[in-house]
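User: I would like a close look at one part of this model, the ligand site and what lies around it. Please keep it brisk.

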Amino acid sequence: MPAGSDSVKVAVRVRPFNQREKNAGSKCIISMNGKTTVITNPVNGDTKSFSYDHSYWSHSDFTEDGEGIYHPATPEGHYADQKTVFNDLGKGVLDNAWQGYNAALFAYGQTGSGKSYSMIGYGANKGIVPITCEELFKVIDGNEDKEKQLQILQFEKEGEQEASETWENMAAA
Ligand SMILES: Nc1ncnc2c1ncn2[C@@H]1O[C@H](COP(=O)(O)OP(=O)(O)O)[C@@H](O)[C@H]1O
Ligand SMILES: [Mg+2]
(Lines give C-alpha, C1' and ligand atoms only; values in the text may rest on other atoms or scores of the structure.)
(Ligands and ions follow the chains in the order given, each with its own letter.)
Protein backbone atom coordinates (compact mmCIF):
# COMPACT_ATOMS: atom_id res chain seq x y z
CA MET A 1 0.00 0.00 0.00
CA PRO A 2 1.20 3.56 -0.65
CA ALA A 3 2.92 5.22 2.30
CA GLY A 4 0.66 7.08 4.66
CA SER A 5 -2.54 5.23 3.83
CA ASP A 6 -4.30 2.46 5.68
CA SER A 7 -4.72 -0.91 4.07
CA VAL A 8 -8.23 -1.34 5.47
CA LYS A 9 -10.89 1.29 6.13
CA VAL A 10 -14.21 0.62 7.79
CA ALA A 11 -17.23 2.92 7.62
CA VAL A 12 -20.79 2.74 8.90
CA ARG A 13 -23.77 4.51 7.32
CA VAL A 14 -27.29 4.92 8.66
CA ARG A 15 -30.05 5.28 6.04
CA PRO A 16 -33.47 6.99 6.30
CA PHE A 17 -36.39 4.94 7.61
CA ASN A 18 -38.29 3.04 4.94
CA GLN A 19 -42.10 3.14 4.79
CA ARG A 20 -42.47 0.01 6.91
CA GLU A 21 -40.30 1.51 9.67
CA LYS A 22 -42.19 4.82 9.49
CA ASN A 23 -45.55 3.03 9.70
CA ALA A 24 -44.32 1.16 12.75
CA GLY A 25 -43.47 4.49 14.44
CA SER A 26 -39.83 3.43 14.74
CA LYS A 27 -37.37 5.50 16.74
CA CYS A 28 -33.83 5.91 15.47
CA ILE A 29 -31.45 4.53 18.10
CA ILE A 30 -28.30 5.36 16.15
CA SER A 31 -26.47 8.65 16.29
CA MET A 32 -23.18 9.63 14.74
CA ASN A 33 -20.64 11.71 16.59
CA GLY A 34 -17.67 12.37 14.32
CA LYS A 35 -16.15 8.97 13.60
CA THR A 36 -18.12 7.34 16.37
CA THR A 37 -21.38 5.40 15.99
CA VAL A 38 -23.49 5.55 19.14
CA ILE A 39 -26.27 3.03 19.83
CA THR A 40 -28.82 3.92 22.48
CA ASN A 41 -30.78 1.23 24.28
CA PRO A 42 -34.40 2.38 23.83
CA VAL A 43 -35.46 0.73 27.09
CA ASN A 44 -33.00 2.21 29.57
CA GLY A 45 -31.16 4.87 27.53
CA ASP A 46 -27.77 3.16 27.94
CA THR A 47 -25.36 3.98 25.15
CA LYS A 48 -22.59 2.05 23.50
CA SER A 49 -20.02 3.73 21.26
CA PHE A 50 -18.02 2.24 18.42
CA SER A 51 -15.32 4.07 16.48
CA TYR A 52 -14.71 3.56 12.77
CA ASP A 53 -12.82 5.41 10.06
CA HIS A 54 -16.13 7.08 9.19
CA SER A 55 -19.59 7.11 10.74
CA TYR A 56 -22.05 8.54 8.23
CA TRP A 57 -25.33 10.16 9.16
CA SER A 58 -27.63 9.73 6.14
CA HIS A 59 -30.83 9.23 8.13
CA SER A 60 -32.30 12.75 7.99
CA ASP A 61 -31.55 16.44 7.46
CA PHE A 62 -31.29 16.23 3.68
CA THR A 63 -33.00 18.03 0.80
CA GLU A 64 -33.60 16.94 -2.76
CA ASP A 65 -32.49 19.25 -5.57
CA GLY A 66 -34.21 19.69 -8.96
CA GLU A 67 -32.33 16.69 -10.35
CA GLY A 68 -33.38 14.43 -7.50
CA ILE A 69 -29.97 14.47 -5.80
CA TYR A 70 -29.91 14.46 -2.00
CA HIS A 71 -27.75 17.07 -0.26
CA PRO A 72 -27.32 18.23 3.34
CA ALA A 73 -30.27 20.45 4.31
CA THR A 74 -27.87 23.19 5.42
CA PRO A 75 -24.35 23.94 4.13
CA GLU A 76 -22.77 22.87 7.43
CA GLY A 77 -25.28 20.01 7.88
CA HIS A 78 -24.07 16.59 8.97
CA TYR A 79 -25.97 14.59 6.32
CA ALA A 80 -23.49 12.42 4.38
CA ASP A 81 -24.36 12.40 0.67
CA GLN A 82 -23.07 10.10 -2.07
CA LYS A 83 -20.29 12.50 -3.04
CA THR A 84 -18.99 12.60 0.53
CA VAL A 85 -18.92 8.82 0.71
CA PHE A 86 -17.15 8.63 -2.65
CA ASN A 87 -14.57 11.24 -1.63
CA ASP A 88 -13.79 9.38 1.60
CA LEU A 89 -13.87 5.79 0.33
CA GLY A 90 -14.02 5.50 -3.47
CA LYS A 91 -11.30 8.04 -4.20
CA GLY A 92 -8.69 6.12 -2.20
CA VAL A 93 -9.56 2.93 -4.04
CA LEU A 94 -9.20 4.76 -7.34
CA ASP A 95 -5.87 6.34 -6.34
CA ASN A 96 -4.54 2.92 -5.38
CA ALA A 97 -5.79 1.44 -8.66
CA TRP A 98 -3.93 4.14 -10.63
CA GLN A 99 -0.76 3.06 -8.86
CA GLY A 100 -1.35 -0.52 -9.89
CA TYR A 101 -2.70 -1.85 -6.60
CA ASN A 102 -5.69 -4.14 -6.54
CA ALA A 103 -8.41 -2.73 -4.36
CA ALA A 104 -11.62 -4.18 -3.01
CA LEU A 105 -14.72 -2.48 -1.68
CA PHE A 106 -17.04 -4.59 0.39
CA ALA A 107 -20.53 -3.64 1.59
CA TYR A 108 -21.96 -5.66 4.44
CA GLY A 109 -25.44 -5.46 5.95
CA GLN A 110 -28.85 -7.06 5.97
CA THR A 111 -31.19 -6.79 2.99
CA GLY A 112 -32.61 -3.28 2.76
CA SER A 113 -29.86 -1.70 4.85
CA GLY A 114 -28.49 0.41 1.98
CA LYS A 115 -25.59 -1.56 0.44
CA SER A 116 -26.74 -1.09 -3.17
CA TYR A 117 -27.52 2.57 -2.49
CA SER A 118 -23.96 3.25 -1.34
CA MET A 119 -22.22 1.06 -3.90
CA ILE A 120 -24.34 1.64 -7.03
CA GLY A 121 -26.90 4.27 -6.06
CA TYR A 122 -30.42 4.85 -7.27
CA GLY A 123 -31.35 7.27 -10.10
CA ALA A 124 -29.58 10.60 -9.81
CA ASN A 125 -27.92 9.60 -6.53
CA LYS A 126 -25.04 7.68 -8.06
CA GLY A 127 -23.02 5.49 -5.77
CA ILE A 128 -19.31 4.78 -5.45
CA VAL A 129 -18.99 2.42 -8.45
CA PRO A 130 -20.49 4.67 -11.17
CA ILE A 131 -18.70 7.77 -9.82
CA THR A 132 -15.44 5.79 -9.78
CA CYS A 133 -16.02 4.71 -13.41
CA GLU A 134 -16.75 8.31 -14.45
CA GLU A 135 -13.52 9.48 -12.82
CA LEU A 136 -11.57 6.63 -14.40
CA PHE A 137 -12.77 7.40 -17.90
CA LYS A 138 -12.28 11.15 -17.41
CA VAL A 139 -8.59 10.54 -16.71
CA ILE A 140 -8.25 7.99 -19.53
CA ASP A 141 -9.91 10.46 -21.97
CA GLY A 142 -7.40 13.15 -21.03
CA ASN A 143 -4.48 10.78 -21.42
CA GLU A 144 -2.24 10.62 -24.51
CA ASP A 145 -1.74 6.92 -24.06
CA LYS A 146 -5.31 5.68 -24.36
CA GLU A 147 -4.42 2.02 -24.18
CA LYS A 148 -5.41 0.97 -20.70
CA GLN A 149 -6.58 -2.33 -19.37
CA LEU A 150 -9.25 -2.15 -16.77
CA GLN A 151 -11.00 -4.90 -14.91
CA ILE A 152 -13.83 -4.35 -12.47
CA LEU A 153 -15.38 -7.36 -10.82
CA GLN A 154 -18.63 -7.17 -8.93
CA PHE A 155 -20.44 -9.95 -7.23
CA GLU A 156 -23.22 -10.05 -4.73
CA LYS A 157 -23.92 -12.81 -2.35
CA GLU A 158 -27.18 -13.30 -0.57
CA GLY A 159 -27.77 -16.09 1.93
CA GLU A 160 -25.38 -18.72 3.23
CA GLN A 161 -26.41 -21.47 0.80
CA GLU A 162 -26.00 -19.39 -2.31
CA ALA A 163 -22.72 -17.99 -1.05
CA SER A 164 -21.15 -21.37 -0.41
CA GLU A 165 -22.32 -22.58 -3.84
CA THR A 166 -20.74 -19.48 -5.40
CA TRP A 167 -17.44 -20.15 -3.67
CA GLU A 168 -17.57 -23.84 -4.66
CA ASN A 169 -18.23 -22.89 -8.29
CA MET A 170 -15.40 -20.39 -8.20
CA ALA A 171 -13.07 -22.95 -6.67
CA ALA A 172 -14.08 -25.53 -9.31
CA ALA A 173 -13.62 -23.10 -12.20
N1 LIG B 1 -28.26 6.65 2.30
C2 LIG B 1 -29.50 6.51 1.81
N3 LIG B 1 -30.26 7.60 1.54
C4 LIG B 1 -31.50 7.48 1.04
N5 LIG B 1 -32.12 6.30 0.80
C6 LIG B 1 -31.42 5.18 1.04
C7 LIG B 1 -30.08 5.23 1.56
N8 LIG B 1 -29.63 3.97 1.72
C9 LIG B 1 -30.65 3.18 1.31
N10 LIG B 1 -31.70 3.89 0.90
C11 LIG B 1 -32.97 3.35 0.40
O12 LIG B 1 -33.29 2.20 1.18
C13 LIG B 1 -33.76 1.13 0.37
C14 LIG B 1 -32.93 -0.12 0.57
O15 LIG B 1 -31.60 0.14 0.19
P16 LIG B 1 -30.73 -0.86 -0.69
O17 LIG B 1 -29.48 -0.15 -1.03
O18 LIG B 1 -31.51 -1.38 -1.84
O19 LIG B 1 -30.43 -2.04 0.35
P20 LIG B 1 -29.55 -3.38 0.19
O21 LIG B 1 -28.79 -3.30 -1.10
O22 LIG B 1 -28.65 -3.38 1.39
O23 LIG B 1 -30.53 -4.52 0.24
C24 LIG B 1 -33.74 1.65 -1.08
O25 LIG B 1 -35.04 2.08 -1.41
C26 LIG B 1 -32.80 2.83 -1.04
O27 LIG B 1 -33.14 3.82 -1.99
MG1 LIG C 1 -28.87 -4.57 -2.74
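Which residues does the UniProt annotation "binding site" cover?

Analyst: Some ground rules come before the site. Residues are numbered from 1 along each chain as its sequence is written, while chains are lettered from A and ligands numbered from 1 in the order in which they are written. This is a predicted model, in which local features need pLDDT of at least 70, side-chain atom pairs count only at pLDDT 80 or more, and totals for chains, interfaces and linings use all residues.

The UniProt entry, which is unreviewed, places its "binding site" on Gly109, Gln110, Thr111, Gly112, Ser113, Gly114, Lys115 and Ser116. UniProt positions follow the numbering used here, feature names are shortened, and annotations may be inferred rather than shown by experiment.

Now the computed shell. Ligand 1 is surrounded by 13 residues. A residue is near a molecule or strand if its C-beta atom, placed from the backbone, lies within 6 Å of it. The closest ones are Arg15, Gly114, Lys115, Ser116 and Tyr117. By class, the shell holds three nonpolar, eight polar and two charged residues. Here Ala, Val, Leu, Ile, Met, Phe, Trp, Tyr, Cys and Pro count as nonpolar, Asp, Glu, Lys and Arg as charged, and the others, Gly among them, as polar. Helix H3 (residues 115-119) gives the largest share of the shell, three residues. Helices (H or I, at least four residues) and strands (E, at least two) are DSSP runs, numbered from the N terminus.

Take Gly114. This glycine sits in the loop between helix H2 (82-98) and H3. Gly114 has 18 other C-beta atoms within 10 Å, so it counts as partly exposed. The scale is this: buried means 20 or more other C-beta atoms within 10 Å of the residue's own, exposed means 12 or fewer, and partly exposed is in between, with C-beta atoms placed from the backbone. Once neighbours within four places in sequence are set aside, Gly114 contacts Arg13, Arg15 and Gly109. Contact means that the two C-beta atoms, placed from the backbone, lie within 7 Å.

Lys115 belongs to H3. Lys115 is also partly exposed, because 18 other C-beta atoms lie within 10 Å. Its contacts, not counting residues up to four places away in sequence, are Ala107 and Gly109.

Gln82, Val85, Phe86, Leu89 and Gly90 are buried in H2. Cover for these buried residues comes from elements including H3, strand E1 (11-14) and helix H4 (128-141). H2 has a kink of about 40°, centred on Gly90. The bend at a residue is the angle between axes fitted to the seven residues ending there and the seven starting there. Just after H2, Gly100 has a positive phi of about 90°.

Pro16 lies between E1 and helix H1 (19-23). Pro16 is partly exposed because it has 16 C-beta neighbours inside 10 Å. Leaving aside neighbours within four places in sequence, Pro16 contacts His59 and Ser60. The C-alpha atoms of Pro16 and Ser58 are 6.4 Å apart, although 42 residues separate the two along the chain.

Ser60 itself is in the loop between strands E5 and E6 (62-64). Ser60 is partly exposed, because 13 C-beta neighbours fall inside 10 Å. Asp61 lies in that loop between E5 and E6 too. Asp61 has 13 other C-beta atoms within 10 Å and is therefore partly exposed. The phi of Asp61 is near 65°, a positive value in a residue other than glycine. Most residues other than glycine have a negative phi.

The chain has five helices and nine strands. Of its 173 residues, 10% count as buried. Among contacts between residues at least 6 apart in sequence, 44% join residues at least 24 apart.
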